[in-house]
Structures are given as C-alpha cells and as structure tokens.
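Biologist: I would like to learn how to read a model like this one. Could you take me through it feature by feature?

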Amino acid sequence: MDVKYDVIIIGAGIGGLSAGIYLQCKNPELKTIILEQHSIPGGYVSGFKRKGFYFDAGAEGIMGMEESGSIRKSLMDLGFDHEFIRIDPLDVYYHDDKIFALYNSYEKLIEEVEKNYPDQKEGFQSFLEACKTIVKKTKEGKKLPEYTEMSMIKFLDKYGLNDSIKDCFNLFCFWYGATPDELSAYYLAHIIDGVVQGGVFYPKEGMQAFSDKMADFYAAHGGTISYNTKVQKIIVEEGKVKGVILDNGTILNANWVISNADLKRTVFDCVGKEHFSKDYWEAIQRLKQSTTGIILFLGVDMDLSKYPSHFQIGQGLDVVERVRNNEFQLNKLAVRIPANIDPSLKNKEGYSIVAFIFAPYNWKNYWQAGPNKERTSEYKQYKEEIANKMIALIETVIPGLSKHVVVKELGTPLTFERYTLTTEGAWFGPFTFQKLPNFKTPIGNLFLAGSNVSGSGVPPAIRSGLNTAKYVLEKMDR
Ligand SMILES: Cc1cc2nc3c(=O)[nH]c(=O)nc-3n(C[C@H](O)[C@H](O)[C@H](O)COP(=O)(O)OP(=O)(O)OC[C@H]3O[C@@H](n4cnc5c(N)ncnc54)[C@H](O)[C@@H]3O)c2cc1C
C-alpha cells in the first residue's frame, strides 16, 4: 500500500518531538509520523534502567522550565506540561579543602565567596553588578559590543577573580563544550541572570519520563511514532523531497520532511551532496562538531542522601582545550545523584550516580576499537581502567564508594555515536559558536530541527522544533 504522510519527522529527539507536538496540536487532522531509530524517545534527553537503578543518559538539567519560562509556557500553550524541580545549588565544587556551592541567588553567591575566599568578595560583588548592568542594558535595547567581544575569562580577570571562582563559572562553558575564551562576557552575564531569575530544572521522575510524556502527548493528538525505524535515505526527485526509505527498504511518502537527525548524516548520507549546491554542502562539511565525552553509570548499595545532587570534583579550566588537542585527563569530573533532587528515583537497593567528563572522539585511535568500530578487548580494558579511575576520584568525596558498586557501566564517545547516530558522538550537535545553517534547506520541502540549527541545549532544541513546525504549517496553509 502506498502510504503518504503530510509530514515525516526523522528522529524523536526533543527537537523532533516538539515539532510533532506542535503540528498535531495545531492541526489534529494532519497525518504525521516520527521515525526513530532507537527503541525509546528523547535522543539525548533520555535514560535507562539497570538492575532497578535509573540513569539519565545525557542532559541533566533544563533552563526555561519555571512556570513563567518561555519554553515551558510555549509547551503549556499547546496543552503539554510536566512537573519540574529546581536544582539549587546548581552545582557544588569540591576544590581541595573548599566546598563552594553555586546557588541560584546573588546574595547567596556572595555569601559563598565571602565564606571561602574573603579577599575576593569585593571583586566578586563588582563582577555581579556588571552582569546585572549588562542584562539591564540589553533589556533597554542597547548594543554592547564591549561585552559581546570580550571573552568570559577576560571579564572574570577584569575583577581579579581567582582560578577557583573562574572554574565554577566555567560550568557555563561546559554547557556548550566551549573554552572560556569562546564564551563572551555578554553570554555569561545572561546565563547567570537566567539561572538566578529563572533556574535550571530537573523533570520529575527523570529525563526519560519527560520525553516519554512528550511522545505520549504527541500520540494522543493523532501522531504516530515508529521506533527501531532508521531512515536510510531521503528521496529527492526534481529538487523536491518525495519521502524516505527505511533501512529495511520500506518507502514512506510525504509532502514535507523535518530532520531532527544529525546534520551531516542528513545532508551527506540521507540526501546526498549531489542534491545541494557546492557552496551549501561545503559549508555543512566545514562545520565543527561539539565535544563528546565519557559517562560512568554507577548503582551503589549505600546511602548518599547527604551529598549534593550535582557536584564537581577537581579543577579544569583547560578541559575542552585539551580534549580538542586529543588529550584526555581525569582531573575533573561532574557527578550527579538524581535521587537527591527527586527522591522517587531512589531504588530500594540504593542510589544511582552518573559521572561525566569531556573526552576526545578519536583518542587512542578511536578508543582502540576495530576498523568498523568493533569493541576490541583493548577497548573493554580501557573502559574498565577509566571507570575505576573515575570511581577513585569520586571516592575523594564519597569515601568507601568502591566497596558498594552494584552496577558499573561506562559510555564512551563511540557509545554516544551508536545510540544517537550523531557525527563523532558530539554531545551538543554542531559546535554552537559558529554559523549554523538555517532550518530551511535549499530543498523547498526539507527542514531541520533541533541542535542541528539551534546549537547546544534542550531549550533551544525545543524552541527550534516548535519554530520549524510552525513555519511548515504556515507554508502548508498557503
Ligand atoms: C552528556 C550530555 C549532557 C547534556 N547536558 C545537558 C543539560 O544539562 N542541559 C541541556 O539543556 N542540554 C544538555 N545536553 C545537550 C542536549 O541534550 C541536546 O542539545 C539536545 O537534547 C539535542 O536534542 P535534539 O533533538 O536536537 O537531538 P538528539 O537528542 O540528538 O535527537 C536526535 C534523534 O534522532 C534520532 N536519529 C538519528 N538518526 C536517525 C535516523 N537516520 N533515523 C531515525 N532516527 C534517527 C536519534 O536516535 C535521536 O533520537 C547534554 C547532552 C549530553 C550528551
């Protein structure tokens, strides 16, 4: 039977789900389908269970999810909502003998600096005042080239802040896989303001629950999701997309296609560069991928309720730079204990821990995998060694941890590549701070959504999915 859809969406990442929800909510008569190669929705907003322990597989906090936040409101306007818990403090830093909490309040931040680094208080206060001024002037419509052109690190240096404080604010560079030279003073001021005024949130029952709910909502509004369904080709004839070919050879026809799948794979593997101008495909080819990394998933039979839900061990302003130079060091680690934000995630056996750090994609010749990325015994041995080193580092904060491990798994850059089909296993799609493509491709009825066009982060991916769908709907109506 010749099946024809109004819209095919490739990928049930948060960008694809948002596009689907928008289309079906605005026009329930539409026949849309989301094709997802994995067995679950969410892409990098997902999680999994092992022996009853729940683990988030990617994102660990989402901005803009306060009830007045623009992203949450946009979803609520469509009738979708989910319960969110504010993460406060946003992160806690274990720096040698000091413990510094990155609270979501200007006053509490100043108190933390006064407690840990009293000689820094004055400079820090001036720094926060400067951040507030940047935000205020932006709201007044002023252009601020002195801050858009100043790097975050120069901005922090201007106020004489020490390396430990700089390391805490480096968190915001990590959100983009950027170096402290690449994030601007302007960006930093707006992120700090966003965190203090709005906050960063964790979905009740974990990231997978949020994506599952979005997928269910889409289906309840008449959309279809097909899992374990990989798009092999996007069919283009006479400059127009006709539909897609699945990896089992099935052809699905559509009037419009939105790709939430990896940008380079969409352009080069699914469509084929012959369907684009040389200028277009060369620009896509030149795009740098964002950073990838490793994640350790631990299930432990011990009580971790006294630890912060989000903390960082060690310092590392140069982590991203080193990774770009193909170096991999375990001198810094971000650790998350989700049950300490949402107690419903506590397993009767104990607690889940997720710990991660950036790492190069092609370290040790692609992690000593075989020519077709087969997992060799050397690959497995590296994983074991790295996991044990990470546990040893976490033990500097949680003594005795290694004796309580019930589940131990390590995801490498190759794991991310396999589960999301993202080029180089990049955590945030193409690197944010470069000219990303428009969501409209040169092929009139083929569009892009998600971090392909929005850069890093869940909120921009949601916004992009909604905007792309809105445009497609408007074009359809014309
Ligand atoms: C470890 C980690 C931590 C992060 N932390 C945060 C955080 O705390 N806060 C935050 O805001 N952001 C965070 N991010 C980034 C954020 O998760 C992503 O930017 C965002 O989720 C991207 O969403 P997306 O929909 O654009 O793409 P993706 O999540 O990559 O989804 C793409 C989907 O397309 C599917 N797909 C690919 N190819 C095909 C095909 N050929 N056929 C069918 N389906 C296909 C994939 O399986 C996937 O489901 C983190 C990311 C990682 C990896």
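Biologist: Let's start with domains. How far apart do the C-alpha centres of domain 1 and domain 2 lie?

Modeller: Two notes first. Residues are numbered from 1 along each chain as its sequence is written. This is a predicted model, in which local features need pLDDT of at least 70 and side-chain atom pairs count only at pLDDT 80 or more, while totals for chains, interfaces and linings use all residues. Domain bounds come from an automatic or database domain assignment. For the protein chain, that assignment gives domain 1 (4–46 + 206–287 + 432–477), domain 2 (101–198) and domain 3 (292–425). The C-alpha centres of domain 1 and domain 2 are 36 Å apart.

Biologist: How many residues of domain 1 are in contact with domain 2?

Modeller: A contact means that the C-beta atoms of two residues, placed from the backbone, lie within 7 Å. Here, four residues of domain 1 are in contact with five residues of domain 2. On the domain 1 side, one is nonpolar, three are polar and none is charged. The classes work like this: Ala, Val, Leu, Ile, Met, Phe, Trp, Tyr, Cys and Pro count as nonpolar, Asp, Glu, Lys and Arg as charged, and the others, Gly among them, as polar.

Biologist: Now the ligand. Which domains does it lie between?

Modeller: The ligand lies between domain 1 and domain 3, because both give residues to the shell around it. The shell has 38 residues, and the closest are G11, G13, G15, G43 and G450. By class, 17 are nonpolar, 17 polar and four charged. Helix 1 (14–26) gives the most, with three residues, and helix 18 (458–477) also supplies at least two.

Biologist: How should I read the sheets, and what is the strand order in the open sheet of seven strands?

Modeller: Strands of a sheet pair through backbone hydrogen bonds, either parallel or antiparallel. Helices (H or I, at least four residues) and strands (E, at least two) are DSSP runs, numbered from the N terminus, and two strands pair if DSSP finds at least two bridges between them. The open sheet of seven strands has the order 8-7-15-16-17-14-18, with mixed pairing.

Biologist: Which helix lies across strand 14, strand 17 and strand 18 at about 90° to strand 14?

Modeller: That is helix 16 (residues 413–420). Axes are lines fitted to C-alpha atoms, for helices over the stretch in contact, and angles run from 0 to 180 degrees between N-to-C directions. Helix 15 (residues 377–394) lies across strands including strand 14 and strand 18, at about 120° to strand 18.

Biologist: What does a hairpin look like here, between strand 3 and strand 4?

Modeller: Strand 3 (residues 47–50) and strand 4 (residues 53–56) run antiparallel, joined by four bridges, with G47 opposite D56. Two residues separate the strands, and K51 in the turn has a positive phi of about 50°.

Conventions. A residue is near a molecule or strand if its C-beta atom, placed from the backbone, lies within 6 Å of it.
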